[in-house]
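Q: Could you go through this structure with me, one piece at a time?

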Amino acid sequence: MSVTANILPSKVVDRVAVRSWKTPILFGALALFAVVVFVLLGPSGHATFRLSQEGDAWQVPNLVLPAKVFGIIVAVVCVLLAAQSYRQMKNDGRIAKWVTMTFTVAFVIGLMVWIIGGTKTQNITLVGLFTGAMLITTPLVFGSLSGVLCERSGVINIAIEGQLLAGAFTASLVSSITHNAFAGLFAAAVAGVFVSFLLAAFSIKYVVNQIIVGVVLNVLVSGLTGFLFEKIMKIKVDGVTIYNQPAQLPDLPIPFLSEIPVIGPTLFRQSIIGYFMLILVAALWFGLFRTRWGLRIRAVGEHPMAADTVGINVNRTRFLNVLAGGAVAGIGGAYFTLVAVSSFSKDMTGGLGFIALAALIFGRWNPIGAALAALLFGVAGNLQSILSLAGTPIDGQFLAMLPYALTILAVSGFVGKSRAPAADGEPYVKG
Amino acid sequence: MSETQKVKDPTPPVKESQGSQVVREIMSGNAVISVLAVVVALVIGGILIAVTDPRVSTASGYFFADPGATFSAIWSSVSEAYGALWRGATYDPTARTWQGQLGIFETLTFATPLILSGLAVTLAFRAGLFNIGAQGQIILGAAFAGAVGFGMHLPPVIHLLAVILAGAIGGAIWGGIAGFLKAKTGAHEVIVTIMLNYIAISLVLYLLKNQLKDPTSTNPISPQMDANAMFPLLLGPNFRVHAGLIVAILAVIGVGWLLNRSTLGFEYRAIGANPKAARTAGMLVSRGYITVMLISGALAGLAGVAQIAGTEKSLDSEIAGSIGFDAITVALLGRSKPWGTFFAALLFGAFKAGGTSMAVNADVSIDIVAVVQSLIVLFIAAPPLIRSIFRIKAARREGASA
Amino acid sequence: MKLELKGITKSFGALIANDHIDLVVESGEIHSLLGENGAGKSTLMNVLYGLYEPTAGEILVDDKTVKFSGPADAMAAGIGMVHQHFMLVPVFTVAENVALGAESTGPGGILNLEETRRKIREISARFGFDVDPDALVEELPVGVQQRVEIIKALVRNAKILILDEPTAVLTPQETDELMDIMRQLKAGGTSIVFISHKLREVKAVSDTITVIRRGKVVGSADPSAATTELASMMVGRSVSLTLDKADAEPGPVTFKVTNLTVMNDAGQRLLDDVTFSVADGEILAVAGVQGNGQTELTEAVLGLHKHVQGSIVLDGNELVGRSVRQVLDAGVGFVPEDRQDDGLVGEFSIAENLVLDLYKKEPYSKFGSMNRAVIAKNAEAKVAEFDVRTQSSQDAADTLSGGNQQKVVLARELARPLKLFIASQPTRGVDVGSIEFLHKRIVAERDAGTPVIIVSTELDEVLELGDRIAVLFAGKLMGIVPGKSSRELLGLMMAGLPADEARAQLDGTVAGTAGTTPAGTAGTTEGERS
């Protein structure tokens, strides 16, 4: 006897008039901002972007943009796109990706031109902007990748800050003692794993709330490194501190590639940590979405019981992922003391771990998204410090707020849909 | 065995919302666990102090020749540190001035903002919300209080009341944003409050460069508060303990009544334990989220008032110190109960007061206090760990009914 | 493959869910496990599947003792399970879900889903499943999701398939199809453990029936045993399967729902243009397979939904657009379908739960301050009146059994003078003793002249309580029929046929099938539906 599978029409019926107007509202507000600020309050004169530095093999002429005219163009584009987003939402109930992307890019460029045009010198070196940004972006990327590893498997990682700080401290200490930067790098990874071990042990084994553990671990690491900094790193032998003089990781320019204007100095004139970062972003993306390893991790983070019923050990997967996340963040922490600056100082991560958390969310729990968000936040952070010297129309503090404000918009649903793994933060306990 | 034995559905334990589970975990531990957690944390702190003390490492160099020397070095190292901590927090007969001897009043001074901000975390927690944002709310509260305190000139009493009100409003706004976003868009309050903490710092730094700047100073710092805007000192000019402590105690009583006796608190607790059932019973969950975060923010704002109008006198970006984060640990140690929070704040206030004296008198960095505090909370949050350390039987409740 | 359980015991703390259970499943048989909700069937199967570790006892496969430390071991031994709550990752595709845990990979662990897709198509073709390997699971209807679960087990070469309450989410017709699939599997040599509390289904499909009560095996029965006999084995005493209730004496119509449409945030119509009314002193039972708009109907009345169009009038007052508080104050008593999720605050005391929607009223509170003494006194009275089995009314509500929890909810909702009483799944997961009590209280409320709406996915309950029966399918009202209608008619309506079409179809087929098949079990009319 044959069975006719008369699959019943599901409850999915026609979609009607319920729509989310958050994005069109946000675009409208930003477009209005563009009109008022870029056009009406726009600076006269030109904004100059210097693409090459002296001594570069290839000299590229500067990019000079008339600030006012450019502001008008951007404002018009923004208004048109905002209208388009309203229309699309009204007609189709969703906004095409290109609208969102184009709007974002246009607005960011418009903002840059406005800011640069408004400074006294009216010019900026893009190379300086981006290479400086990498000082912030690199640890951010490692921090957010640590978050990706943990949260994709269902463990919320608020302790990124602590992992970075532990890495920075340990790298400096071990590198100073051994005079070997690689030993410092390795030790930093171990320190990150140690913080992760506490996070995993308390949140997975003892089922303590993950947010509590994360918050407390940050305090613990801050206290511990602060205490040891006072006790050990300030020990002087013959008038010099010997435990806070880490051997550094040198920059390793890649021939030819490092000569490409702007991109070369930014991406191909880095330390080994920087190259490792590039590889890690790609590898993690591929691993998560194209391999068995990733499929299982995502299953554990979305529906742990389903994973359990097909024989995947949920808590072991989580434990390993959290440990791996710790190693990644520890290496990110090493960047502070082995590359960025030459010694450890108290609480030197300065909240970057929380910006990494923001990048993770803003990048929608995707390694590439998180890396791009980290780049954006890094540029904003560096622009702030460059501009604090240049005298600008916008106060640097508002740029400093940018990552945080964008993250709030993201979790409130104003910027796309950011959906955390379904079981993120839910401990898995079986009977 | 009792006759009316309860028959449960033999289905595995029902999955409940995480918030309610946390609230229950935090509230159900017993006092023994808390005390033991403090002990273990102090022991680990002591080990850290000992191993980093050069005297101990020197003595351990000839450990096999003279083991006693090592132990006596450890003993003197740890006892000096904790002795200084204890005396600094309570009574120190060796201090040079008689004011300096009475560290207990410093403890109360440090405890005041901790009580208020701890209550802020406690209250939100009972409604199922994790207010990680006390830090930002304190900063905003202090900024608002400061703006009224040095920006306006009012008669005595009225000026102080205006400052208190302004601080509460400042904190309430900052907390309210998180509550509003949670209620209206579902944005996770943990993320939002963390982000708001950093926005608050940037905002205040901006204000300190502009509207709130002391024109006579080149630093980002505000002018001093009017004398009328300050909390009166409770014990005269020799001690810093101020009337903010009275506000804090009133707040403990008030939050206690609110949570346990009032219909509003009934709603908050229902929302915290099971928001869906609360909604079905006609409670307005989103309004609950907003109002509880307003009140919570206001309490944290009062902690900001205690800072600026109690001890600091002027606003800078460091006005909140680490109070906002300590508040979380205080609330956890206090098991999210108003009086529990009060005593936990006293303990942490004592750590702060004693930690300063320890740093001066025993050359032990005050950072050790942060280590001990965080260890306490970790151990309290994981009772099975403490039980296994002390080999306490877990089956307390079952044993009682047998 | 033969499966044997010997002396399986599983306890959770003081609670013994399974007590020395012995069970033998012969190769190629359909073995039903019959028992009330909470009798311990699912726990037993989770032990068998390696999810729980048994406290005592052993499992034998083909007469060899096996030990499962996890589901992987159980699967390796040839045991597959379709859980009551599907174990599918919603954001994964069908192929990803089927592959999970047994993935084919290329070098470096790179996923290769081609093999999985091929197997899915093959099994789909064999059983006529029509499942697209690349569809996202969250976008599939539940019936199809269940088939994905079966495919998952078959891909892993399961020789014993456990089906845990598989019919709870299916229409009677879909249930018939599932039974055909079970017979096909059996013909292919697969043993099946079929877990259910529905007597008719168990009788229709089983080779052997084992009855479990309160965690113990109380006996086994032949599928030909009388329904009443099975029922009394299951419950532990003779039960009257019918409720003594007088005919309704409907008064004036005071509750009217007109053109009611409810949408979700994405704009899908969960309830589509529904119109009906209920008279005073009448019970309208709303039937339908779970997820066809019943929840939305009751929640719309209570004011829990944002996107509601149409009109709901009670006693001349429009309820659409009112807050929950206002609806409750208008005299609506509401028992939600999931008492633990929506009806009770588990960690609150019974006393507090009994005033969960009354706490703002005097005498329970005054000037915003609660009166604990009055609340405690109220609790004592209600606990006595509704026979809530507890040591103290100050105990937390989640220490109560399901039936007693439901009594607390009912006691609270019936405490006020009502103009409308709505109860969703009033007896889900409740022991039979409590069911009788709860049903009597509901009928008593009707007899007091209140219009009553009962929503239930259990046809038995619908037939027992309903003076009239409304059937919902895919958010649409298929019609309202008298309380004494036949199961076949309701079954067709639950599968999406409007009442008159369903009647016409029954009249057409009556000659061929009447009297020859047990009610509701035969594959009634597949060929004729198109």
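Q: Which residues of H6(B) meet H10(B), and which ones do they meet there?
A: This is a predicted model, in which local features need pLDDT of at least 70, side-chain atom pairs count only at pLDDT 80 or more, and totals for chains, interfaces and linings use all residues. Residues are numbered from 1 along each chain as its sequence is written, with chains lettered from A and ligands numbered from 1 in the order in which they are written. From H6(B), B:Leu108, B:Thr112, B:Ile115, B:Leu116, B:Leu119, B:Leu123 and B:Arg126 meet B:Gly244, B:Leu245, B:Ala248, B:Ala251, B:Val252, B:Val255 and B:Leu259 of H10(B), a contact being two C-beta atoms, placed from the backbone, within 7 Å.

Q: What's the make-up of that contact by class?
A: The contact of H6(B) with H10(B) has eleven nonpolar, two polar and one charged residues, where Ala, Val, Leu, Ile, Met, Phe, Trp, Tyr, Cys and Pro count as nonpolar, Asp, Glu, Lys and Arg as charged, and the others, Gly among them, as polar.

Q: At what angle do the two helices pack?
A: Helix H6 (residues 103–126) of chain B and helix H10 (residues 244–260) of chain B pack at about 20°, and their axes are 9 Å apart; the axes are lines fitted to C-alpha atoms over the stretch in contact, with angles from 0 to 180 degrees between N-to-C directions. H6(B) and H10(B) are therefore roughly parallel to each other, the term for angles under 35 degrees.

Q: Switching to the chain A and chain B contact, how many residues does each chain give?
A: Chain B gives 39 residues and chain A gives 37 residues. On the side of chain B that touches chain A, helices that each supply at least two residues include H1 (18–28), H8 (158–185) and H9 (189–209), helices here being DSSP runs (H or I) of at least four residues, numbered from the N terminus. By class, that side of chain B has 29 nonpolar, nine polar and one charged residues.

Q: And C:Phe129, where does it sit?
A: C:Phe129 lies in the loop between helix H4 (114–127) and helix H5 (142–155) of chain C. C:Phe129 and C:Val148 are 19 residues apart in sequence and 8.9 Å apart in space, C-alpha to C-alpha.

Technical notes: Angles under 35 degrees count as roughly parallel, over 145 as roughly antiparallel, 65 to 115 as roughly perpendicular and the rest as oblique.
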